[in-house]
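Dear colleague,

Please find below the structure that I am handing over to you, followed by an account of what was found in it. I would be grateful if you read the two side by side.

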Amino acid sequence: MVDCGEGAQVQLRRSGLSFEKLGHIFITHLHGDHCFGLIGIISTFGLLGRIATLHIHAPEELRPMLQAQLDMFFNYDIGYKVEFHGVDTKKQQVIYEDRSLTVETIPLNHRMPCAGYLFREKPSLPHIRREMIDLYNIPVSQINNIKSGQGYTLSDGTLIPHEKLVTPADAPRSYAYCSDTRYMPELHKMVKGVNTLYHESTYAQDKKDGAEKYYHSTAQQAAMVARDAQAGKLLLGHYSARYNDETVLLKEAQEIFPNTYLTDEMKVFDV
Ligand SMILES: [Zn+2]
Ligand SMILES: [Zn+2]
């Protein structure tokens, strides 16, 4: 989960996603709309009997506040471990890695320390062609060798090349989440070639000065980052309440980067 505003646990429940599968929460910064839901979700997980450790990645400033809340409300007894990982919001670096993906920080420019997150899938192995395995009667013990690049030699000495036995792996996907931030002309370098870029778009062009002043971005500025990064698609969000209809934001962004979409609660996008 990236950010955890008030109401996050209600929406998580509505989404039908499994609470147990949530192992890591990445917080961008300490404004309420990004972290006020955290203690509620931690509490609910305890009531539901969670036992797996929950990892919180967030700017260091959250550590004492979260610890104080945990001590006060739960007296160390919520039945599972909450492990805090302080994030340096000033540099881009890998802060998490497992078998299938890495997570990098993206330093942003906001009124307080703030980092976005870049999720990169690791390259996966090619897919085995079941029908070829059956055709040549290849034993299961050879599958891993074939997946990692080898061919297979038949008993009469014929070599079946690797390429005939597999279909290519899916291209690794990447997703960058950038909220909240002033327009950063250099940001595109940190998210170069990303498949899907989420970039805040609090304002339309009529409030360009306000965006600068309050450390937020316009939809066009988000689109400029997507264009310069050669992103696959751009998702807008974090709209100012002044816009009853966000279509104006979408239109302004699409003038610069056509493959742009408006995000909304419960809307699902492919990465
Ligand atoms: Zn903020
Ligand atoms: Zn915000």
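The centres of domain 1 and domain 2, taken over C-alpha atoms, are separated by 46 Å. The assignment divides the chain into domain 1 (1-87), domain 2 (127-167) and domain 3 (173-271); such bounds come from an automatic or database domain assignment.

Please note that this is a predicted model, in which local features need pLDDT of at least 70 and side-chain atom pairs count only at pLDDT 80 or more, while totals for chains, interfaces and linings use all residues. Residues are numbered from 1 along each chain as its sequence is written, chains are lettered from A and ligands numbered from 1 in the order in which they are written, and side-chain values use heavy atoms, with hydrogens and water left out.

The chain as a whole

The C-alpha trace spans about 75 × 55 × 35 Å along its principal axes. The secondary structure comprises eleven helices and 14 strands, taken as DSSP runs numbered from the N terminus (helices: H or I, at least four residues; strands: E, at least two). Of the 271 residues, 45% count as buried, where buried means under 20% relative accessible area, exposed over 50% and partly exposed in between (1.4 Å probe, protein chains only). Among contacts (heavy atoms within 4.5 Å) between residues at least 6 apart in sequence, 64% join residues at least 24 apart.

The zinc site

Which residues hold the zinc ion (ligand 1)? Its protein donors are H29 (NE2), H31 (ND1), H110 (NE2) and D180 (OD), at 2.1 to 2.5 Å. Donors here are N, O and S atoms within 2.8 Å of the metal (3.2 Å for Na, K and Ca); water is not among the atoms, so sites may look incomplete. The angles among the four donor atoms run from 93 to 166°, and the site is irregular. Four donors count as tetrahedral if all angles lie between 85 and 135 degrees; four count as square planar and six as octahedral if opposite donors are over 155 degrees apart and all others between 65 and 115; anything else is irregular.

The spacing of the donor residues in sequence is H-x1-H-x78-H-x69-D. H31 lies in the loop between β1 (24-26) and α2 (32-35), and H110 in the loop between β5 (101-107) and β6 (115-121), so this pair ties together parts that are 79 residues apart in sequence. Both H31 and H110 are buried. H29 is also found in the loop between β1 and α2, and counts as buried because its relative accessibility is 0%. D180 bridges the zinc ion (ligand 1) and the zinc ion (ligand 2), which lie 3.5 Å apart.

An unreviewed UniProt entry places the feature "binding site" at H29, H31, H110 and D180. These residues are spread over 152 residues of sequence, yet cluster in space, with a largest C-alpha distance of 10.4 Å. The unreviewed entry also places "active site" at D33; UniProt positions are given in the numbering used here, feature names are shortened, and annotations may be inferred rather than shown by experiment. D33 is in helix α2 and, at 47% relative accessibility, counts as partly exposed. Leaving aside residues up to four places away in sequence, D33 touches G5, D180 and H238.

Helix α10

Eight of the eleven residues of helix α10 (residues 219-229) are buried, which leaves the helix mostly covered. The cover of these buried residues includes α8 (187-190), β12 (196-200) and α11 (247-256). Just after α10, Q230 takes a positive phi of about 50°.

With kind regards
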